Amino acid sequence: MSQKKSGVFFITAVLLSTALLSGCTTPPQSESLTMTGTYFDTVVQIEVWGADQDIMDHCREMCENYEQMLSATIDTSEISEINNAGGEPVTVSDETAELIEKGMEYGEISGGLFDITIAPASGLWNFTDNEDKTLPDPDELAEAVTHIDYHCVNVDGNTVVLTDPEAQIDLGGIAKGYIADQLKEYLESEGIEHALIDLGGNMLALGGRYDGTDFRIGLQMPFADTGTAMAAVSINDQSVVTSGDYERYFEKDGVIYHHILDPDTGYPVQNDLDQVTIISDKSVDGDALSTTCFAMGLEEGLELIRSLDGVEAVFVTKDGEMHTSSDEIELEVLE
C-alpha cells in the first residue's frame, strides 16, 4: 500500500501495563496493553484499555490477514490477483469486494480525483529511495494515465473484473481507514470501551480515555520534524486522518514532487494546500476524503465537507494558515 498518512500522532501520555493479572477474567479499565507492528509499509500501534493478551493477538492477526489480502505489493494478495488477471474475472473475499466498491463510491463523490486505479501511474514514481530524484519518463506516464479510470472496475457480488486489462487497483488511499474500522468493530464486539488505533497516522478512537477525558491528537506541522504539532484536536469515538504533500516527497529544481497524484496527469497535485485533516466517525471515510479534499484544493474541498453530515476538516494552506470547515471543531492552536 503506497500511500502513507502520517500527519497525525498520539501526543497524550501513553499508559502501558506489562503486569500479568492473575485471578481476573477482565483486566481493569485503568490498565492498557499495546500491540505494535509493521504492516502496510507503516508502523501500526493499537492501545486497548481493559483487554487481555488474546484480544491483542487477534488484532495482530487481523492486521496480518488484511495486509495479505489487500496489499498491491504482495504477489499473492487478492488485489494482485485482480491486477494480474489480464481482464479475467477474479473471485475475492467479502471484505475486498466491499472495499473496492467503497473506493468506487469515492471516485463518484470526488469526480474522479480519488481513483483506485491510480496504480499504473503511482508505480512509476519513487518517493522513498530516490537519491537521484529521478522523474518518470513523460511518455510512460502519459501512457499509464490512459489506464486510470475506476469505471473499468466491475464488481458483481464477489467477482471483480477489470474491463481494461492494463488497469491496476491500488487501495492504499483507503485501506488503512477500512482496516482501522474493522479493528474497532472487533474490539467493540469483545466489550472493549476504550482504545486508540493508529495505522500509520490514521487515528481512530473507540470511546475516550478510560478516565473519561477525550483523546488529544496532534496535527503535524508540514515539513517540520516528525512530532512537531501545529494544533491538536480532541476526539471521542472518532477518526482523525491527514494527507499532506510533506509526507512522502522529494524536491527537484525548486519543485516538490509528492505522492498525491492527479489521475488526469499522473503528476503530483499542485494547489494551495500543504495538508488536509478529516475528522469523521468512520476512518475509511477520513482516509478517502483527506486525499480527495487535498486534490480538490481549499475552496472545493471545503464545499464538499460542508455538504456531508458528520464530517469536519482542517485545511492548511501553503502560507501556514489553518481553515476549518465549521466552528464545531475543538481545535487547539499550539505555539
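## The overall build

What you're looking at is a predicted model. The chain is put together from eight helices and 17 strands. Its C-alpha trace spans about 65 × 50 × 40 Å along the principal axes. For 335 residues, a compact globule would come out with a radius of gyration near 20 Å, and this chain has 20 Å, so the two agree.

Now for the contacts. Counting those with a separation of 6 or more, 63% involve residues 24 or more positions apart.

Of the 335 residues in the chain, 56% are buried.

## Aromatic rings

How many aromatic pairs does the structure hold? There are 13 aromatic pairs. One of them joins Y106 and F114 edge-to-face, at 6.4 Å centre to centre with 70° between the planes. Both Y106 and F114 are buried.

Another pair brings together F127 and F250, and this one is tilted: 5.9 Å centre to centre, 35° between the planes. F127 lies in the loop between α4 (119–122) and α5 (138–145), while F250 lies in strand β12 (residues 249–252), so the pair ties together parts that are 123 residues apart in sequence. F127 and F250 are both buried, too. They also belong to a cluster, in which ring pairs link W125, F127, F250, Y257 and Y267.

Technical notes:
Residues are numbered from 1 along each chain as its sequence is written. This is a predicted model: local features need pLDDT of at least 70, side-chain atom pairs count only at pLDDT 80 or more; totals for chains, interfaces and linings use all residues. Side-chain values use heavy atoms; hydrogens and water are left out. Helices (H or I, at least four residues) and strands (E, at least two) are DSSP runs, numbered from the N terminus. The radius of gyration is taken over C-alpha atoms; the globule rule is 2.2 Å times the number of residues to the power 0.38. Buried means under 20% relative accessible area, exposed over 50%, partly exposed in between (1.4 Å probe, protein chains only). Contact means heavy atoms within 4.5 Å. Rings of Phe, Tyr and Trp (its six-membered ring) pair if their centres lie within 6.5 Å; planes under 30 degrees apart count as stacked, over 60 as edge-to-face and the rest as tilted.
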